[in-house]
Amino acid sequence: FERRDFAERTRVDLRLKIPYCPPRSHCPGARRNRKKIPTKLSSSWKRRRTSCWKRAVSPLRKGTSRWHWIEPRKPVEKNDFCVGSESNIRSVIKSTSMTYSVLFNLAVQYQANQMFNEALNTYLIIVKNKMFTNAGRLRINMGNIYFAQGKYMQALKMYRMALDQIPTSHQAVRGKILQNIGVAFIKMGKYSEAANTLENILLAATRPAFETGLNLILCYFALGERDKMKTTFHKMLQNRLDVGDEDKYFPATDDPHAMLVHEAIKDDSLRLIEKERKRTAEKLIVTAAKLIAPAVEASFAAGFDWCVECVRVSPYSDLAGELEITKAITYLKLKDFEAAVDVLRGFEKKESKMASAAAANLAFMFLLENDVSQSEKYAEMA
């Protein structure tokens, strides 16, 4: 800004909610401190990545302690700047971006350190400032804080306010917010409202929604909706993961170029992401099957058989063996030893990754029965 009297500068800064710094005569180290802010931000995030939560907050708190935050009285217009200078406008925009970065990072670090009141106050400064575009979406983070505190009504309010800020074209983001709303309803014991919310997510989902399916099955289980549990489980099995073909990670020839490509991609970051997504999907499907098996049929054995048949004809047929072992373990919990042995012996003639686990369980069971010969037999098979 051009040199004017101090009152005029104060008048402009009252309208701009930007980090206000007095003239150099009043604050000699102001510009030097402001230049250190990007370094402080970088230092804070590096410490957070290394799980140094408490140390990650200190650089940002030191950086913001010298700033004065003043609420805006009216929207800023171009005429409010000194003679409409474009360079002044650019400097204000730069300061606004820096302010947003510092406040947002400080709020995230507070949240990571479970300093929830400080985090909420910092987020509130951002969302109430109209100069920060799309700041209303940060109400999702505020809702997450209320959720962690067990204040589910306040969390619902924040999630719904954030949902109003998201355009209908961003279905993926809206689906995640609705997922949070559904989980909050489940925590409150309102299973009907949760089921209605989660059903809308499944209808509009364009990507695999395994977590939504499991939560919806949980609601139907609490409501005793047997047919809807079956329908939702079928929908979960119809989801396909976009992880590509597994054969590309196993070279079929001895071509040096193919071997070189295989060595490059077999453990790269994309491969690790695919493994994690597949592992998570399989875990959710197995959990859903274990939950509904005792409830979808007259007996738990018939329910497990139904789940196994559904999984066997789905893209996740490898999980059928794991469900059968779960069925055998359930028999053991009911002290039905013979039925458990019959289920596990069914793996002897199957080429499955779970055959070794079944043989190990049989060896241990026969050992407990003091049948050493049978135990050694299945131990060798395992």
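Author: Let's begin with H11 and H12, which are roughly antiparallel to each other. Their axes cross at roughly 170 degrees and come within 9 Å. An angle over 145 degrees counts as roughly antiparallel, so the crossing of roughly 170 degrees puts H11 and H12 in that class. Please keep in mind that you are looking at a predicted model.

Take H11 on its own for a moment. Helix H11 covers residues 210–223, which is 14 residues. From its first C-alpha to its last, H11 reaches 20 Å, close to the 20 Å expected at 1.5 Å a residue. Just after H11 comes Gly224, with a positive phi of about 75 degrees.

Which residues of H11 are buried? They are Phe210, Thr212, Gly213, Leu214, Asn215, Leu216, Ile217, Cys219 and Tyr220. The partners that the buried residues of H11 pack against are helix H9 (171–187), helix H10 (191–204), helix H12 (226–238) and helix H14 (269–296).

Now turn to H12. This helix has 13 residues, and its reach from first C-alpha to last is 19 Å, close to the 18 Å expected at 1.5 Å a residue. Buried in H12 are Met229, Lys230, Thr232, Phe233, Met236 and Leu237. The cover over these buried residues of H12 includes H10, H11, H14 and H15.

Where do H11 and H12 touch? On the H11 side, look for Phe210, Gly213, Leu214, Leu216, Ile217, Tyr220 and Phe221; on the H12 side, they meet Lys228, Met229, Thr232, Phe233 and Met236. Sorted by class, this contact has nine nonpolar residues, two polar and one charged. Several names come back here: Leu214 and Tyr220, for example, are buried in H11 and also take part in the contact with H12.

H14 packs with helix H15 (residues 300–312) at an angle of about 130 degrees, their axes 6 Å apart. That angle makes H14 oblique to H15. The crossing of H14 past H15 is right-handed. In this contact, Ala289, Ile292, Ala293, Pro294 and Val296 of H14 meet Phe300, Gly303, Phe304, Trp306 and Cys307 of H15. The classes here are nine nonpolar, one polar and no charged residues.

For one more pair, find helix H7 (residues 139–148) and helix H8 (residues 152–165). These two pack at about 165 degrees, with their axes 8 Å apart. With that angle, H7 is roughly antiparallel to H8, and the crossing of H7 and H8 is left-handed. H7 brings Arg139, Ile140, Met142, Gly143, Asn144, Tyr146 and Phe147 to the contact, and H8 brings Tyr152, Gln154, Ala155, Met158, Tyr159, Met161 and Ala162. Of the residues in this contact, 10 are nonpolar, three polar and one charged.

Glu324 sits in helix H16 (residues 319–333). With a relative accessible area of 13%, Glu324 is buried, because under 20% counts as buried. Apart from neighbours within four places in sequence, Glu324 is in contact with Val308, Arg312, Val343, Phe347 and Lys350.

Gln114, in the loop between helix H5 (86–112) and helix H6 (116–127), is not a glycine but has a positive phi near 60 degrees. Gln114 counts as exposed, at 62% relative accessibility. Lys335, in the loop between H16 and helix H17 (337–345), has a positive phi of about 60 degrees and is not a glycine either. Lys335 is exposed as well, with a relative accessibility of 78%.

Finally, step back to the protein chain. It has 19 helices and zero strands. Of its 382 residues, 39% are buried. Among contacts with a separation of 6 or more, 54% are between residues 24 or more positions apart.

Methods: Residues numbered from 1 in each chain as written. Predicted model: local features only at pLDDT ≥ 70, side-chain atom pairs only at ≥ 80, totals over all residues. Heavy atoms only, no water. Helix = DSSP H or I, 4+ residues; strand = E, 2+ residues; numbered from the N terminus. Expected span 1.5 Å × (residues − 1). Buried < 20%, exposed > 50% of the residue type's maximum accessible area, 1.4 Å probe, protein only. Contact = heavy atoms within 4.5 Å. Axes fitted to C-alpha atoms, helices over the stretch in contact; angles between N-to-C directions. Parallel < 35°, antiparallel > 145°, perpendicular 65-115°, else oblique. Left-handed = near helix turned anticlockwise from the far one by under 90°. Nonpolar A, V, L, I, M, F, W, Y, C, P; charged D, E, K, R; others polar.
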